[in-house]
2 protein chains.
Amino acid sequence: MPTKKGGSGQVEPQSKDVDTEQRILDAAHEVFLRNGTAGARMQDIAREAGVNQALLHYYFRSKERLAEAVFRRAALQLLPPMVALLGSELPLERKVEEVIRHELEQLSRTPYLPGYVLSELSHHPERAGQLVETMTGMRAAGIAPRVFEKLGQQIDEGVRAGTLRPIAPEDFVLNLVSLCIFPFAARPMAMTLFAWSPDQWTAFIERRRVELPRFFLEALRP
Amino acid sequence: MPTKKGGSGQVEPQSKDVDTEQRILDAAHEVFLRNGTAGARMQDIAREAGVNQALLHYYFRSKERLAEAVFRRAALQLLPPMVALLGSELPLERKVEEVIRHELEQLSRTPYLPGYVLSELSHHPERAGQLVETMTGMRAAGIAPRVFEKLGQQIDEGVRAGTLRPIAPEDFVLNLVSLCIFPFAARPMAMTLFAWSPDQWTAFIERRRVELPRFFLEALRP
DNA sequence: GTCTATAACAGGATAGAC
DNA sequence: GTCTATCCTGTTATAGAC
């Protein structure tokens, strides 16, 4: 193994190589997300990183390991912010608005991200578990209750106050992220089917920013 | 080119080969959906079909052509029923219920289908156009208005009657299919995050069959 | 750490017998 | 139509010089 966290001292790696490892990871991220893991070529990643192919193996040993590193990075970019928002102390309405705002913005910048992560997970379901552990440092079975505890409480409160009809927190979450993420995954189909220009797509997302919170919250009126 | 529609006569192919071509297509469908196009191996398809690899090339000439055949088949299995339902003469509420019922049932049987189709489309956006043309036999730009004309009318009627608040038909459709399809694409993540057993997943979908129509329709109350 | 050169292999495609 | 055997290209991975 290269520099990284050396066994002897916690001193940070020397000069140039940190940059390089990072550049490779960035390049790999690009290429893997565009082409999928199986469709990606080490040569393309090397070119994109401005280094040569042998160096990829120097740092990451094999395509598979590189793919794992990229997947972890991508998934950690996608999920924790959303989970944090959902488990936060914000009032429920604000929470919904914030999740939608954050997701639509994130997805506008990195439209391939959700498709890539979901596709990887469907080919390697076992990674979901590792991922949840990495995210939270606790066993998979334990996390959901904790993170969504606050959310469940808020729903119960709303129900008791008569402002909300009952819904399982799991359904709440899945419905919300479905409405945020799916249109981006289906973007090529939607643009063709509706005969949309890129500008019309942008307008659709812009409109969605304000209409989706309303749509979602209306659905939960008692 | 093999048998198929011969240039000279419209006589149907001889005996055995129709079965074989079909078996190959079925096997390819399996393997491509499981592994994605780039991740699929011709050898695996041959084994799954119980024939040998050369025969795949005899019938389909190349991996790429086979992939196109499978994609067309998969997409035609996924989209037309939904489009037909959405453009049908059913009253709006029934329409929503029927789409949800049909989609959840279809997706329970073929969970890889939407992920595969969406993934293929994001790597080959041009196929969306071909697909729409194949589906309807008319130019892409022309189809959406026609197919969703009825839907738009029904929404307008509902708005005038005061039973619905205004929503663009495009948003209506995207929201509806998002809520149906996305949970299946995200199934591995969801099951891990919520620590669900397969039975709990089934129960979730069962529950969804009745709750989703309500959720969706409530969201559109004026 | 970074490079060039090359080994080692996997996988798609074809030839030709039956 | 279907098979076996084989070719050949593209891709991952390693050796070794700088």
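Good morning. Residues are numbered from 1 along each chain as its sequence is written, and chains are lettered from A, with ligands numbered from 1, in the order in which they are written. Because the model is predicted, local features need pLDDT of at least 70 and side-chain atom pairs count only at pLDDT 80 or more, while totals for chains, interfaces and linings use all residues; side-chain values use heavy atoms, with hydrogens and water left out.

I begin with helix H5 of chain A, residues 92-109. Helices here are DSSP runs of H or I with at least four residues, numbered from the N terminus. The expected span of a helix is 1.5 Å times one less than its number of residues. For the 18 residues of H5(A) that gives 26 Å, and the end C-alpha atoms are 26 Å apart, in agreement. The buried residues of H5(A) include A:Leu92, A:Val96, A:Val99, A:Ile100, A:Leu104 and A:Leu107, but also A:Lys95, A:Glu98 and A:His102. Buried means under 20% relative accessible area, exposed over 50%, and partly exposed in between, with a 1.4 Å probe and protein chains only. These buried residues pack against helices H4, H6, H9, H10 and H12 of chain A, contact being heavy atoms within 4.5 Å.

A salt bridge is a side-chain nitrogen of Lys or Arg within 4 Å of a carboxyl oxygen of Asp or Glu.

I turn now to helix H12 of chain B, residues 198-219. Its 22 residues reach 30 Å from first C-alpha to last, close to the 32 Å expected. Where does H12(B) bend? The bend is about 45° and falls at B:Arg209, with a proline, B:Pro213, following within four residues; the angle is taken between axes fitted to the seven residues ending there and the seven starting there. The buried residues of H12(B), among them B:Trp201, B:Phe204, B:Phe215 and B:Phe216, pack against H10 and H12 of chain A as well as H5, H10 and H11 of chain B.

That brings us to the interface. Chain B and chain A each contribute 58 residues to the contact. The area buried between them is about 4900 Å², and carbon and sulfur atoms give 71% of that. Buried area is the accessible area, with a 1.4 Å probe, that two parts lose on being put together, summed over both. Two salt bridges are counted between the chains. In one salt bridge, the side chains of B:Arg207 and A:Asp171 meet at 2.8 Å, N to O. H10(B) gives the most to the side of chain B that touches chain A, with twelve residues.

Finally, the salt bridges over all chains number 26. A:Asp26 and A:Arg73 pair at 2.9 Å, and this pair links distant parts of the chain, from helix H1 to helix H4 of chain A, 47 residues apart. Both are partly exposed, A:Asp26 at 35% and A:Arg73 at 26%. By contrast, B:Glu30 and B:Arg34, which meet at 3.5 Å, both lie in helix H1 of chain B, four residues apart, about one turn of the helix. An α-helix has 3.6 residues a turn, so residues three or four places apart point the same way. Thank you.

Terms used: Helices (H or I, at least four residues) and strands (E, at least two) are DSSP runs, numbered from the N terminus.
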